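Biologist: I've got the sequence and the 3D view open. Can we walk through how the strands sit together?

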Amino acid sequence: MTDKLPASRGKGDVLGFVAEAQALAPAARDVARVIFAVDATQSREATWDLATGLQMQMFDAAAALGGIGVQLVYFRGLDECRASRWHLQPRPLIEAMGRVRCMAGHTQIARVLRHALRQRQEGRVAALVLVGDACEESADELVGLAGQLRLVSVPVFAFHEGPDRNAERLFRDLARVSGGAFHPFDRQSPRVLADALRAVAVFASGGAAALQKLAAREGGTVRQIAQQLGR
């Protein structure tokens with residue numbers, strides 16, 4: 001089950017998120033929470049399947065450090081942007097992702113960033129993961145929202161796929177301005193995205209120190225992400 005995210009903020013929007021917070025299981029409030037936002041427009045179908053298959057590794061990476069709660073957010077079509085409930089175990093999240101079908105449409109990254117800001121008001125959100133390949137929105141607006149996320153300590157981990165250089169530049173800016181990290185990936189090299197998501201899970205559940213330890217042990221993608229957070 002997913003809830004449609006509002007296109008703009010208002011009284012109903014606030015009331016909706018208060019109700020969501022009240023419905024949240026107590027255990028989910030006690031662990032670090034990661035918003036996992038994925039572009040589900042038509043071009044993303046292969047990567048959606050890849051991301052679905054990697055969710056188990058995120059939970060496994062965080063388990064020894066106290067675990068994480070993950071909320072799936074996706075956008076597709078012309079005006080559809082939805083958020084799942086918070087998941088403390090991988091299987092329900094994987095099942096939720098398996099029920100989603102990609103659909104042609106436009107990016108709605110601004111709605112995702114605003115959603116992260118609202119969720120931060122209601123409790124601990126350690127990080128926002130954004131996976132996508134394009135952006136059809138105002139860069140100025142998105143970077144401004146990334147700055148607001150930095151002020152409330154919600155870094156954006158922006159993972160970009162594909163040849164769109166303008167979108168890549170925007171993803172880099174979102175990561176930098178929010179205090180997060182950027183990394184490109186290729187669906188032909190699933191290990192890169194897998195390592196990136198494990199790095200986020202370790203950071204969210206154990207903090208920067210835990211991520212630095214993982215980076216020293218594994219190097220590669222994890223180290224590149226850890227170095228960006230250290231700047």
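Predicted model: local features only at pLDDT ≥ 70, side-chain atom pairs only at ≥ 80, totals over all residues.

Biologist: Which residue in strand 3 is the bridge partner of Ile35?
Modeller: Start with the strands: strand 2 and strand 3 (residues 68-76) run parallel and pair over eight bridges. The chain gets from strand 2 to strand 3 through helix 3 (residues 45-63), in a right-handed β-α-β crossover. Within strand 3, the bridge partner of Ile35 is Gln71.

Biologist: And in strand 5, what is the bridge partner of Ala37?
Modeller: Strand 2 also pairs with strand 5 (residues 127-132), again in the parallel sense, over five bridges. In strand 5, Ala37 has as its bridge partner Leu130.

Biologist: How many residues of strand 2 are buried?
Modeller: Look at both faces. Ala32, Val34, Phe36 and Val38 are buried on one side, and Arg33, Ile35, Ala37 and Asp39 are buried on the other. Strand 2 (residues 32-39) is therefore largely enclosed by the rest of the structure, and the buried count is eight of the eight.

Biologist: Are the rings of Trp48 and Tyr74 stacked or edge-to-face?
Modeller: Trp48 is in helix 3 and Tyr74 in strand 3, 26 residues apart, so to speak a link between distant parts of the chain. Trp48 is buried at 2% relative accessibility, and Tyr74 is buried at 4%. The ring centres are 5.9 Å apart, and planes over 60 degrees apart count as edge-to-face. Theirs are at 85°, so the pair is edge-to-face.

Technical notes: Residues numbered from 1 in each chain as written. Heavy atoms only, no water. Buried < 20%, exposed > 50% of the residue type's maximum accessible area, 1.4 Å probe, protein only. Helix = DSSP H or I, 4+ residues; strand = E, 2+ residues; numbered from the N terminus. Pairing = 2+ DSSP bridges. Right-handed = clockwise from strand over helix to strand, strands pointing away. Phe/Tyr/Trp six-rings, centres within 6.5 Å; stacked < 30°, edge-to-face > 60°.
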